[in-house]
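Student: I would like to learn how to read a few features in a model like this one. Could we go through them together?

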Protein chains: 2
Amino acid sequence: MMQVSPSKIGIPESTDHFQIRGEDGGARCGVMTTAHGQVVTPAFMPVATQGSVKGLTPRDLRGLGTQILLANTYHLTLRPGVDVIQDLGGLHRFMGWDGPILTDSGGYQVYSLAPLRKITDEGVLFRSHIDGQTVFFTPESVIQIQKALGVDIAMVLDECPPAGAPRNQVETATRRSLSWAVRSRALSDSSGTLVFGIVQGGTFTDLRRWHCRELVALDFPGYAVGGLSVGEERGVTLEVAAVTAEELPRDRPRYLMGVGYPEDLIRFVAMGYDLFDCVLPTRNARNGLLFTSNGRLNIRLARFQRDENPPDPLCSCYTCSNFSRAYLRHLSLAKEISAAILATTHNLYFYQRLMRDMQTAIIRHSFAPWAEATIARLEQECQP
Amino acid sequence: MMQVSPSKIGIPESTDHFQIRGEDGGARCGVMTTAHGQVVTPAFMPVATQGSVKGLTPRDLRGLGTQILLANTYHLTLRPGVDVIQDLGGLHRFMGWDGPILTDSGGYQVYSLAPLRKITDEGVLFRSHIDGQTVFFTPESVIQIQKALGVDIAMVLDECPPAGAPRNQVETATRRSLSWAVRSRALSDSSGTLVFGIVQGGTFTDLRRWHCRELVALDFPGYAVGGLSVGEERGVTLEVAAVTAEELPRDRPRYLMGVGYPEDLIRFVAMGYDLFDCVLPTRNARNGLLFTSNGRLNIRLARFQRDENPPDPLCSCYTCSNFSRAYLRHLSLAKEISAAILATTHNLYFYQRLMRDMQTAIIRHSFAPWAEATIARLEQECQP
């Protein structure tokens, strides 16, 4: 397993909003302080794209140990609209979640969802995928939107070239993302919203290093790494993530965007990443795929028809405490809403427990052996 | 409002499984005892057609004050199959619900869902709407199936002619339903499953009366009234329900199948009905229609875009305690699963509270004035 030494680039050991409580190899356990409370890291953020985690209420999410949620500026801007959420007291009150919220800037969604994009140095023009309305995002406007939503952590606007884009295209996008980051940084203030920079550079490690150094010079309160797990080979993802982590300051939270499988989260934590978000636990749950202590389990398989075991016999979530694989299989085949609810409950509990286990292993200085044993168990298909 | 005197036809005042605790006019508050616990009546049974109330877990249902659930023999026989549920310890264990369960016999579903029906005196042959497999239900087999599921209350197989069927067709169906009831009654025993008879007879009050008397002579532990609210005019539903209730013994629970709107439940309770099931609160919730203290509310209307009030300001359910109409409208338009969950939570809480309010009004002998005032409030569209 790759382990990365803490980088030492002359920035204070800790800041007001991020305190490191323990380190083990490259992995760190810290506490991030936001306007809506603290987050113990490594932390996983369930995805509430449209202001709701699909299948769960805020009460359910608290019960699973959720500390912080991710929502999407792009989606909320298009529907219901920032002014509506502002009128209703901000995003926290709107969605009934009083814990920390981080919003993605919308950059990634503009490139992956919206038709008719036109990118200039000024910003990005696109059509809403909902009603075709033309929208113009600038680095300044997306920060203003996120502040209007009242979120705890905002992301800068970035340009995400597609996987496999040629070097000159990636270089242009990375330079433009940097110039946008400069403009975004100027809008940082003590208003309660922390603005994180986003490292781009595709799979070109020299571009990644260069972009890191330039962003670090801007002194953001935290750094995200974007444009990974977008279609490149898995070995490349791991290599680029490792190289990038080395360049980021030790005393700031490091957020690896949009990943990943449980075993990969362990590898990324070993590199020194602190924050994650991913649709895998929630989207897979809706498709009948459950993450368990012994690997992944496709609950729809015929072999579970009469299986009275819980999805994960080592799990103590509500689903595993009360229901059999046979029942979950039935609900999934019958397309019952409860299939999504119970599977999402399990998968998110599983992710949250994994993060807590990592925090414990780091504090106890047993991360490397714990990680090796856990990855081995996770990287098999479930054999009940 | 029509109020019906308790019928006096020579049957004991109360039985082991049904005790009347209070009466007010025709309305009764009772306690029905089943193998999985007691049910205070009047009671509403949420519909768990395929072994799950769409959008809610058993934990959620308990939290709403649910006493008893309804599931469907037809659906569970076709998928996952009775033998599967039996292997997994019965329906209660399978679906994680330890309270009483009543199953419909499947008669109504065969006529409304299954293609290629052939009805003979022996039983009904039909094709599964899921996989086209041919299935033959007899009065005996559906009771055996329900006993195999381990339910607390089973329904006899009946024949339900469509609304508007001519008298001779309804008469034939009613006679056949009676002969099936005779065969079903012979299978009643002290196994823990109470078998209820079902009154048919369409909109012909003389057929209804005749069928009642014949069924009452068979001495079922409870009586259901079927074939109403299937398309006939609403005034006819109320008249036939009232006439039928008069013929049913006072000391047995009376179950009016498949109805209805909140204001109608009050009218039916006034006639002396004790048990109800209906998809209205759950299905309407999924379509954005909420029942409130001041009438129905279509949460998708534009006028709720910035409405910070809860769906029902007089309600203390989880949804009304935490979320605005504006948020629920957003979730519904965005087709989020949480829209269904939160609206179903409210609607079922609303129905359960209505039943408790009726129980209280009966015990306090204030049912008539309470009913008049409540129906007036419910029969308006919500004017926020």
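**Contacts, packing and symmetry**

Tutor: Gladly; start with C320(A), which touches P310(A), P311(A), D312(A), C315(A) and H346(A), leaving aside residues up to four places away in sequence. Contact means C-beta atoms, placed from the backbone, within 7 Å. This is a predicted model, where local features need pLDDT of at least 70, side-chain atom pairs count only at pLDDT 80 or more, and totals for chains, interfaces and linings use all residues. Residues are numbered from 1 along each chain as its sequence is written, with chains lettered from A and ligands numbered from 1 in the order in which they are written.

Student: Is C320(A) buried or exposed?

Tutor: A residue is buried with 20 or more other C-beta atoms within 10 Å of its own, exposed with 12 or fewer, and partly exposed in between. C320(A) has 24, so it is buried.

Student: How do I describe two packed helices?

Tutor: Use the angle between their axes and the distance between the axes. Helix 13 (residues 325-333) and helix 14 (residues 337-363) of chain A pack at about 135 degrees, axes 7 Å apart. That makes helix 13 of chain A oblique to helix 14 of chain A (under 35 degrees is roughly parallel, over 145 roughly antiparallel, 65 to 115 roughly perpendicular, the rest oblique).

Student: Which residues of helix 13 of chain A meet helix 14 of chain A?

Tutor: L328(A), L331(A) and S332(A) meet S338(A), A339(A), L342(A) and A343(A).

Student: What rotation superposes chain B on chain A?

Tutor: One of 180 degrees, with 0.0 Å of shift along its axis (RMSD 0.0 Å). The two copies are thus related as by a two-fold rotation axis.

Conventions: Two residues are in contact if their C-beta atoms, placed from the backbone, lie within 7 Å. Copies are superposed by least squares on the C-alpha atoms of residues with pLDDT of at least 70 in both. Axes are lines fitted to C-alpha atoms, for helices over the stretch in contact, and angles run from 0 to 180 degrees between N-to-C directions. Helices (H or I, at least four residues) and strands (E, at least two) are DSSP runs, numbered from the N terminus.
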